[in-house]
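Welcome! Open your viewer, get your selection tool ready, and follow along one stop at a time.

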Amino acid sequence: MKQDMIVILDLGSHENTTLARAIRDLGVYSEIYPHDITVEELKALPNVKGVIINGGPNNVIDGEEIDVLPAIYEAGYPVMAAGHAKAQCAVTLPAFGNDMEAIKEAVKSFVFETCKAETNWNMKNFIDDQVELVRRQVGDKKVLLALSGGVDSSVLAALLLKAIGDKLVCVHVNHGLMRKGESEDVVEVFRNQLNANLVYVDATERFLTKLEGVEDPEQKRKIIGGEFIRVFEEEARKLDGVDFLGQGTIYPDIVESGTKTAKMVKSHHNVGGLPEDLQFELVEPLRQLFKDEVRACGVELGLPYDMVYRQPFPGPGLGVRCLGAITRDRLEAVRESDAILREEFKRAGLDKKVWQYFTLVPDFKSVGVRNNARSYDWPVIIRAVNTVDAMTATIEEIEWPLLHKIAGRILAEVPNVNRVCYDLSPKPSATIEWE
Ligand code: XMP
């Protein structure tokens, strides 16, 4: 193993993640574990140089004060307690704030002088270590992976490919609601360039048939999510001797789903919901990474820039941008107009500046004129927003000439469209997506 590690034990502090990032900022790898980790589990972790027990306001649960298991203090690692953690160890500190520089200052001497950790955390070492850990975990067994083409699943696929080569089986389900060229890119990069064992399933007809006439957005989401699991399950059953499932879980997913001490924010599913008789052991080498680190990992693994830095795209895809009951003509109008918007944003350098940008097509028509005759066609609505955490969002103020150019191209190149509108609504009062 190439990296030293400082383990943070979570007693419910809100600052665990800032603390982990501060230590990584010092050049030392750090991971966060639940407070009730056993000594055996702790000892199984590679290269642990020291332990920080990080208390917080939640370390009293149901009137009982929680603490790490007493044996942790005796396990032979340097231990530091911070916040409300019980002080049975050499170094204690008051609660950390959220100030990165102050935290770094506070833990520096513990990390380097007490624990004697080396500054050997970098993406190359992280990848080398994870490759070795994955090989140890799966041996010569096979790992199945749902490769959506999103950042997390793509980086995971590249990492697992490096670790186990053709023992990795990737399944890409094209639900027919992908953006233009997206499924083709997945096949090109993973099958043709990286030689991955990739099963490509074009399930477009199946999804569109299921969605026929369905207007309600949540119902649409349910159908798309449920059908995805079923297609994936069918593919999984066709494969022999798969014992492991690769999951692109990253650290924010774990926090959002609720740790033992942090309150649940929202449930998070990757490929949850598989039937009971189809259970796999999980392989999750990205689970301790933050989003920017996942991207850095992807770059180090040689994935294309556009794949690693692509904008967020909802799981139900264009399905929630073709408003109301999905029809094929409007779905194509969404796909084609979105491709034009992306192309023009890239050309103008806005793809690196704007957080999320896309088009959508509502389910009503309006009157227009084309070639001296009356037309009755769909409008296209453009949305471009900036945000930090997607909880609130502001509008990108696109320059008029660029807006005119995009509108002109959409009207000239996309069939069945006679109007283009720009959505000026921030979140709140609107949400980022329309459905
Ligand atoms: P809203 O529309 O709630 O979107 O302001 C916030 C962010 O979440 C994305 N989004 C989704 N992502 N499945 C996803 O994986 C969904 O059903 C879904 N709905 C919205 C949206 O694109 C934005 O980035």
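The tour below goes from the ligand to a helix, then to some aromatic rings, and ends at another helix. Keep in mind that this is a predicted model.

**Stop 1: the ligand**

Select the ligand and show the residues around it: Arg221, Pro314, Gly315, Pro316, Trp355, Gln356, Ala390, Lys427, Thr431, Ile432 and Glu433. Sorted by class, this shell holds 5 nonpolar, 3 polar and 3 charged residues.

Now look for the polar atoms facing the ligand. In the side chain of Arg221, an N or O atom is 2.5 Å from an oxygen atom of the ligand. Glu433 also has a polar side-chain atom 2.5 Å from a ligand oxygen. At Gly315, look at the backbone instead: one of its polar atoms is 3.0 Å from an oxygen of the ligand. How much of the ligand's accessible area does the protein cover? On its own the ligand has 490 Å² of accessible area, and the protein covers 68% of that.

**Stop 2: Arg409**

Next, select helix α14, residues 400–413, and find Arg409 in it. Is Arg409 buried or exposed? Its relative accessibility is 17%, and the cut-off for buried is under 20%, so Arg409 counts as buried. Follow the side chain of Arg409 to the side chain of Glu344, where the two make a polar contact at 2.7 Å. Leaving out residues up to four places away in sequence, Arg409 touches Ile340, Glu343, Glu344, Arg347 and Val414.

**Stop 3: aromatic rings**

Time to colour the aromatic rings: the model has 7 aromatic pairs. Zoom in on Tyr251 and Phe290, whose ring centres are 5.5 Å apart; their planes meet at 65 degrees, so this pair is edge-to-face. The two residues are 39 apart in the chain, and their pair links distant parts of it. Tyr251 belongs to helix α10 (residues 251–257), while Phe290 sits in the loop between β12 (281–283) and α11 (291–300). Both Tyr251 and Phe290 are buried.

For another group of rings, select Tyr29, Trp121 and Phe126, which form one aromatic cluster.

**Stop 4: helix α11**

Finally, select α11 and highlight its residues Glu293, Val294, Arg295, Cys297 and Gly298, which are buried. What covers them? Among the covering elements are α1 (16–25), α5 (123–138), α6 (151–164) and α12 (305–308). Just past the end of α11, click on Gly302, where the backbone takes a positive phi of about 90 degrees.

Note on methods: Residues are numbered from 1 along each chain as its sequence is written. This is a predicted model: local features need pLDDT of at least 70, side-chain atom pairs count only at pLDDT 80 or more; totals for chains, interfaces and linings use all residues. Side-chain values use heavy atoms; hydrogens and water are left out. A residue is near a molecule or strand if one of its heavy atoms lies within 4 Å of it. A polar contact is a pair of N or O atoms within 3.5 Å; within protein, one must be able to donate a hydrogen and the other to accept it, and residues adjacent in sequence count only if both atoms are side-chain atoms. Accessible areas come from the Shrake-Rupley method with a 1.4 Å probe; for residues, only the protein chains shown count as cover. Ala, Val, Leu, Ile, Met, Phe, Trp, Tyr, Cys and Pro count as nonpolar, Asp, Glu, Lys and Arg as charged, and the others, Gly among them, as polar. Helices (H or I, at least four residues) and strands (E, at least two) are DSSP runs, numbered from the N terminus. Buried means under 20% relative accessible area, exposed over 50%, partly exposed in between (1.4 Å probe, protein chains only). Contact means heavy atoms within 4.5 Å. Rings of Phe, Tyr and Trp (its six-membered ring) pair if their centres lie within 6.5 Å; planes under 30 degrees apart count as stacked, over 60 as edge-to-face and the rest as tilted.
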